[in-house]
Amino acid sequence: MLRVRFAPSPTGFLHIGSARTFIFNWLYARHNGGTMILRIDDTDVERNTEASLNSIFDGLRWLELGWDEQYRQSERLKLHQDLAQAIFEKGLAYRDFTPAQADDGERRQGETWLFNPGMRELSRAESDRRAAAGELFALRYRVPREPVRQICFKDAVYGEQAKSTADIEDFALLRSDGMPTYHLASCADDADLRISHIVRGQDHLTNTFKHVLIFEAAGATPPQFAHLPLLVAPDGTKLSKRRHGPVVSVTTYRDAGFLPHAFVNFLCLLGWSPKDDREQMTREELTAAFSFEGINRSNTTVNFTEEDPFDPKAVWLNAERIRAMPVEELAAQLLPFVSAAGFAADRAKMRMITPLIQERIKLLRDVIAVADFFFVDELAPYDPAELIPQKGDASMARTVLEKALPVLSAAEFSHDALEAALRRASEELKIKAGQMFQPIRVAVCGRKNAPPLFGTLEALGKQTCLHRIEKAIEKLQ
RNA sequence: GGCGCUAUCGUCUAACGGUUAGGACGGAGCCCUCUCAAGGCUCAAAUACGGGUUCGAUUCCCGUUAGCGCUACCA
């Protein structure tokens, strides 16, 4: 039975690298009819926060992928400690009474540290005595070194991996407060939950040798491993909240109006390829095409800048998706963004506006910038010079607007009727259609760049249009 | 420092020894057009460097350089 897990630790918001790891796990599970497990790795009580936990769930739910089983490591402490005890009893781990170092980040630079002197060879009796006396200790794995061994595993992405035990330090299993370390808790749970494939970031590639050692000590067969290339910022460093800010948070994408399908599609393209030229893919297509063979080995840059926080490809994928959406559905998705901006809008109005802006927005939140004039009572102040058409002057603008008043008053407010009426008017004025439309557009929209005129007029309604044109004429005085 | 991983257009990637090194995003230009978009067409843009192996290397091997990761009683 194929079982995979996504195991975030709630020490920060859900970041896009984690989201991608989740997605690849999910795709692998679904492709093979396996089980997707969500496990919250919350053994670091110092750094865990409720807010992080919420951010992770918010983010994952937004992706609309789901999972089959859910666990929390903090509820499985007994299992971890029992395994630590068992490893200790087998003589494969020892107590290290060296006080925890205040971390200066600089210690041991320049040389390889393998273990603290004296602790490895402490006799069991002596060790028990000191422990019984209440002395604090960390439990360390006794990495075999006499003779040294090669620890090997085959990674589904990076191929055969081998490392000498001479290069693996005696890592901690239990901290001096008795809490399991990540390595121990993770392996204990992976074994207990019968995880068959571990799909995670490449930053764990070298940790995997330690994990193989723990699985061995636990008498368990190590699962299959598949490490994913890291997501890096344009500066080449690993994405992090501290360095790169909210652009790495999944909720930032959600709040900007990315569609989860487009976002997932984008993340899949980072470090994976279906090997043909497809880029826009549905979930079904992604699931069908996914395999570890398609995963690359080099780091992948998420292309963002200070001015433009979103990768242009993600934005394009999102825009494509928006264009392909049924109007009804897009209107419904847009409505919350409009309301959040403080505008009163209803379904019917939104339904009318949506086709006018559908191919003009890339993110859902763009609705505010593109369609604000549909919702306001009074247009924001604009430069009257904007009313002047190409190759025209202020008097032409006034002529057009004054002509528009009776024409629009008499017109039926539908797209085709409006177009016919305004084109006829431009002929009567002996000016180009464009020169006729531009002043009207600016008068009703308050800007030059706007959706197509006739649909806009229709959506705005006769009253509003006439009112705004009158205002524009005043501006030209 | 030690150990490990990686290296194709600006970015994401394709090419499992033989291609005019392909696609996409982004950029530039043209067309379409009531503005803006959308759409169509065109263009610029890459095999890090040096050695091998081979009739032939983007592809295989070695070295250099660069980047990244791990080297915590974080995960």
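**Entry 1**

I began with alanine 433, which touches Arg423 and Ser426 when residues up to four places away in sequence are not counted. The model I am reading is a predicted one. I placed alanine 433 in helix H17.

I next turned to lysine 430, in the loop between helix H16 (415-429) and H17. Lysine 430 is not a glycine, yet I noted a positive phi of about 60° for it. With 6 C-beta neighbours inside 10 Å, lysine 430 counts as exposed.

**Entry 1: H17 against H19**

I looked up how H17 packs with helix H19 (residues 462-476) and found an angle of about 105°, with the axes 8 Å apart. The two helices are therefore roughly perpendicular to each other. Which residues of H17 and H19 meet? On the H17 side I listed Ile440, Ala443 and Val444, and on the H19 side Cys465, Arg468, Ile469 and Ala472. By class, this contact of H17 with H19 has 6 nonpolar residues, no polar residue and 1 charged residue.

Leaving aside neighbours within four places in sequence, isoleucine 440 is in contact with Val400, Leu401, Ala404, Leu453 and Ile469.

**Entry 2: Nonpolar cores**

I recorded a general point before counting: in soluble globular proteins, nonpolar side chains tend to be buried together. The largest nonpolar core in this model has 92 residues. Ile440 is among the residues with the most contacts inside that core, together with Ile23, Phe263, Leu267 and Leu334. Helix H1 (residues 16-31) gives the largest share of this core, 9 residues. I also found a second, separate core of 25 residues, which includes Ile87, Leu174, Phe209 and Ala218.

I examined helix H6 (residues 208-217), in which 7 of the 10 residues are buried, so the helix is largely enclosed by the rest of the structure. Which residues of H6 are buried? I listed Thr208, Phe209, Lys210, His211, Leu213, Ile214 and Ala217. These buried residues pack against H3, S5, S6, S7, H5 and strand S10 (224-228). Just after H6, I noted that glycine 219 takes a positive phi of about 75°.

Two of the helices packed against H6, namely H3 and H5, I then looked up as a pair. Helix H3 (residues 77-89) and helix H5 (residues 182-192) pack at an angle of about 100°, with their axes 9 Å apart. That angle makes H3 roughly perpendicular to H5. Leu79, His80, Leu83 and Ala84 of H3 make the contact with Leu184, Ala185, Ala188 and Asp192 of H5. I sorted the residues of this contact into 6 nonpolar, 1 polar and 1 charged.

**Entry 3: Surface near RNA strand B**

How many residues surround RNA strand B? I found 62, of which the closest are Ala172, Ser176, Tyr182, Ser298 and Thr301. By class, this surface has 20 nonpolar, 23 polar and 19 charged residues. H17 gives the largest share of the surface, 4 residues. The elements that each supply at least two residues are strand S7 (159-164), strand S12 (300-301), helix H11 (312-324), helix H17 (433-445) and helix H18 (453-460).

In H11 I looked up alanine 319. Alanine 319 is partly exposed, with 19 other C-beta atoms within 10 Å. Alanine 319 and leucine 364 are 45 residues apart in sequence, but I found them 9.0 Å apart in space, C-alpha to C-alpha.

**Entry 4: Backbone details in loops**

I checked the peptide bond from glutamate 146 to proline 147 and found it cis, with omega near 5°. Proline 147 lies in the loop between strand S5 (138-141) and strand S6 (150-155).

Where does glutamate 64 lie? I placed glutamate 64 in the loop between helix H2 (50-63) and strand S3 (69-72). Although glutamate 64 is not a glycine, it has a positive phi of about 60°. Glutamate 64 is exposed, with 11 other C-beta atoms within 10 Å.

How values were computed:
Residues numbered from 1 in each chain as written. Chains lettered and ligands numbered in written order. Predicted model: local features only at pLDDT ≥ 70, side-chain atom pairs only at ≥ 80, totals over all residues. Near = placed C-beta within 6 Å. Nonpolar A, V, L, I, M, F, W, Y, C, P; charged D, E, K, R; others polar. Axes fitted to C-alpha atoms, helices over the stretch in contact; angles between N-to-C directions. Parallel < 35°, antiparallel > 145°, perpendicular 65-115°, else oblique. Contact = placed C-beta atoms within 7 Å. Core = buried A, V, L, I, M, F, W, Y, C linked by C-beta atoms within 7 Å. Buried ≥ 20, exposed ≤ 12 C-beta atoms within 10 Å, placed from the backbone.
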